[in-house]
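Please keep the sequence and the model in view while reading.

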Amino acid sequence: FLCVIPGKILADIYDLHGSRLLEGNVRSFLSNKRAVNKKIRATILNQPEKFFAFNNGIAATAKQLELENFGNELIITAATDFQIINGGQTTASLLNARIRDKAALEKIFVQMKLTRIGDMPTDAQEKLIGEISRSSNSQNKVSEADFFSTHPFHVAMEKISRRILAPSQRGV
């Protein structure tokens with residue numbers, strides 16, 4: 001399921017269930033001192049309406065889901081054995097900002113990829129959860145330098161370098 005979960009509800013769930021919610025996650029909260037978490041916190045505090053666009057969201061699993069139709073929307077009303085397997089930093093940052101900074105989370109929405117694992121045997125569930133976690137945490141990291149390569153100055157310099165050849169130097 002591709003979902004949108006309100007930040008307030010995600011923080012409420014984490015507040016209620018704590019670290020049990022992240023048992024399938026590869027990392028626990030790494031503090032606000034890390035660059036990524038600083039940016040998450042800054043977005044929560046300064047641009048909450050852009051959180052959905054700026055954040056990668058979470059990946060989660062649940063054994064079973066209860067669904068209800070509300071007009072044109074399908075709403076998840078209950079989830080059994082809900083686990084966040086990628087997005088622990090996002091989840092913990094929301095609750096941390098609400099507690100530490102008294103941040104209002106009403107304008108925050110989070111993308112969620114939710115996999116219903118059903119009644120498969122426990123070993124198959126654990127294998128699938130591990131594969132989802134491994135896959136969603138193995139994407140190439142984007143560094144700050146990657147953003148500079150598309151800056152208009154660098155694009156113009158590349159075009160110039162393809163048009164104007166540098167003369168060869170004697171002895172070089």
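Along the sequence the chain runs in the order β-α-α-α-β-β-β-β-α-β-α-α-α, giving seven helices and six strands. Here helices (H or I, at least four residues) and strands (E, at least two) are DSSP runs numbered from the N terminus. The model is predicted, so that local features need pLDDT of at least 70 and side-chain atom pairs count only at pLDDT 80 or more, while totals for chains, interfaces and linings use all residues. Residues are numbered from 1 along each chain as its sequence is written, and side-chain values use heavy atoms, with hydrogens and water left out. Of the 172 residues, 30% count as buried; buried means under 20% relative accessible area, exposed over 50%, and partly exposed in between (1.4 Å probe, protein chains only).

The chain holds five salt bridges, each being a side-chain nitrogen of Lys or Arg within 4 Å of a carboxyl oxygen of Asp or Glu. In one of them Lys8 meets Asp12 at 3.2 Å, N to O. These two residues are four apart in helix H1, and therefore about one helical turn separates them. Lys8 is partly exposed at 36%, as is Asp12 at 30% relative accessibility. Asp15 pairs with Arg98, with the closest N and O atoms 3.9 Å apart. Because Asp15 lies in helix H1 and Arg98 in helix H4 (residues 88-101), this pair ties together parts 83 residues apart in sequence. A further salt bridge joins Lys63 and Asp81 (3.4 Å, N to O). Lys63 sits in the loop between strands S2 (58-62) and S3 (64-70), and Asp81 in the loop between S4 and strand S5 (83-86), 18 residues apart. Through shared partners, salt bridges join Lys8, Asp12, Asp15 and Arg98 into one network.

The second largest pocket holds about 500 Å³ of space. On a 1 Å grid over the protein atoms alone, a pocket is an open set of points where a 1.4 Å probe fits, with protein on both sides within 12 Å along at least five of seven lines; lining residues have an atom within 4 Å of a point. Its lining has 19 residues, with Val4, Ile5, Ile75, Ile76 and Met112 nearest the centre. Strand S4 (73-80) is among the elements supplying at least two residues, and S4 gives the most, with seven.

Finally, Phe1, Leu67, Leu74 and Ile76 make a nonpolar surface patch of about 310 Å². Such patches join nonpolar side chains (Val, Leu, Ile, Met, Phe, Trp, Tyr) within 5 Å, from residues with over 30% relative accessible area and no salt bridge.

Methods:
Points joined across faces, edges and corners; volume = space filled by probe spheres on them. Patch = residues over 30% accessible without salt bridge, like charges linked within 9 Å, V, L, I, M, F, W, Y side chains within 5 Å. Areas by Shrake-Rupley, 256 points an atom, 1.4 Å probe, with all protein chains shown as cover.
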